[in-house]
Amino acid sequence: MNNCLHAEFTGRVQGVGFRATCASLARRAGLSGWVRNCPDGSVELEIRGERSKIEAFLTELRGTYAGSGIRDEQVTWKTAETKSGGFEIRGW
């Protein structure tokens, strides 16, 4: 079963390569979804795939931005409604 994670990250997450890092980690893990900057300075992420791969993705992302990036995150899990492929960086 494919899972879907929706997350919002706050802190120093814009202008530091956060979206590009998300895309690189997701593509390497074979996950699909998207990431985008929000006008309030946060970053929104939706990622789909096997739960264990998504959890590993999150662990690596948190490690990459520990201490100097992510201040807070809001995470919601649900069952994926679509099986779209690829991972994209979206605009605002």
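What follows is a walk through the fold of this predicted model, from the sheet to the helices, the core and a few single residues.

Five strands make up an open sheet, ordered β4-β1-β3-β2-β5, and their pairing is mixed. At the edges sit β4 (70–79) and β5 (87–90); each has a single partner strand, so one side of each has no neighbour in the sheet. Going from one strand to the next, the twist averages 15 degrees.

Strands in a sheet pair through backbone hydrogen bonds, and they can do this in a parallel or an antiparallel way. Both kinds turn up here. H6 has its bridge partner in β4, namely T76. Next along, β1 and β3 also run antiparallel and are joined by seven bridges.

The link between β2 and β3 is worth a look of its own. The two strands form a hairpin with five residues between them, and G41 takes a positive phi near 95 degrees there. C38 is also in the loop between β2 and β3. With a relative accessibility of 12%, C38 falls under the 20% cut-off and so counts as buried. C38 and E8 are 30 residues apart in sequence, yet their C-alpha atoms are 9.3 Å apart in space.

Strand β3 itself is well covered. Seven of its seven residues are buried, so β3 is largely enclosed by the rest of the structure. That holds for both faces: V43, L45, I47 and G49 are buried on one side, and E44, E46 and R48 are buried on the other. For R48, which belongs to strand β3, the relative accessible area is 8%, hence its buried label. R48 and K78 are separated by 30 residues in sequence and by 9.5 Å in space, C-alpha to C-alpha.

Now to the helices. Helix α1 (residues 18–29) packs with helix α2 (residues 51–64) at an angle of about 145 degrees, and the two axes are 10 Å apart. Their crossing is right-handed. On the α1 side, the contact is made by F18, T21, C22, L25, A26, R28 and A29, which meet K53, F57, E60, L61 and T64 of α2. By type, the residues of this contact are seven nonpolar, two polar and three charged.

The largest nonpolar core holds 21 residues, and F9, F18, L45, I47, F57, L61 and F87 are the ones with the most contacts inside it. Two or more residues of this core come from each of β1, α1, β3 and α2. Of these, α1 gives the most, with five residues. F87 shows how such a residue ties parts of the chain together: leaving aside neighbours within four places in sequence, F87 is in contact with C22, A23, A26, R27, L31, S32, G33, W34, V35, L45, E46 and I47.

G15 and R28 are 13 residues apart in sequence, and their C-alpha atoms are 22 Å apart in space.

Terms used:
Residues are numbered from 1 along each chain as its sequence is written. This is a predicted model: local features need pLDDT of at least 70, side-chain atom pairs count only at pLDDT 80 or more; totals for chains, interfaces and linings use all residues. Side-chain values use heavy atoms; hydrogens and water are left out. Axes are lines fitted to C-alpha atoms, for helices over the stretch in contact, and angles run from 0 to 180 degrees between N-to-C directions. Helices (H or I, at least four residues) and strands (E, at least two) are DSSP runs, numbered from the N terminus. A crossing is left-handed if the near helix is turned anticlockwise from the far one by less than a right angle, and right-handed if clockwise. Contact means heavy atoms within 4.5 Å. Ala, Val, Leu, Ile, Met, Phe, Trp, Tyr, Cys and Pro count as nonpolar, Asp, Glu, Lys and Arg as charged, and the others, Gly among them, as polar. Two strands pair if DSSP finds at least two bridges between them. A nonpolar core is a set of buried Ala, Val, Leu, Ile, Met, Phe, Trp, Tyr and Cys residues joined through side-chain atoms within 4.5 Å. Buried means under 20% relative accessible area, exposed over 50%, partly exposed in between (1.4 Å probe, protein chains only).
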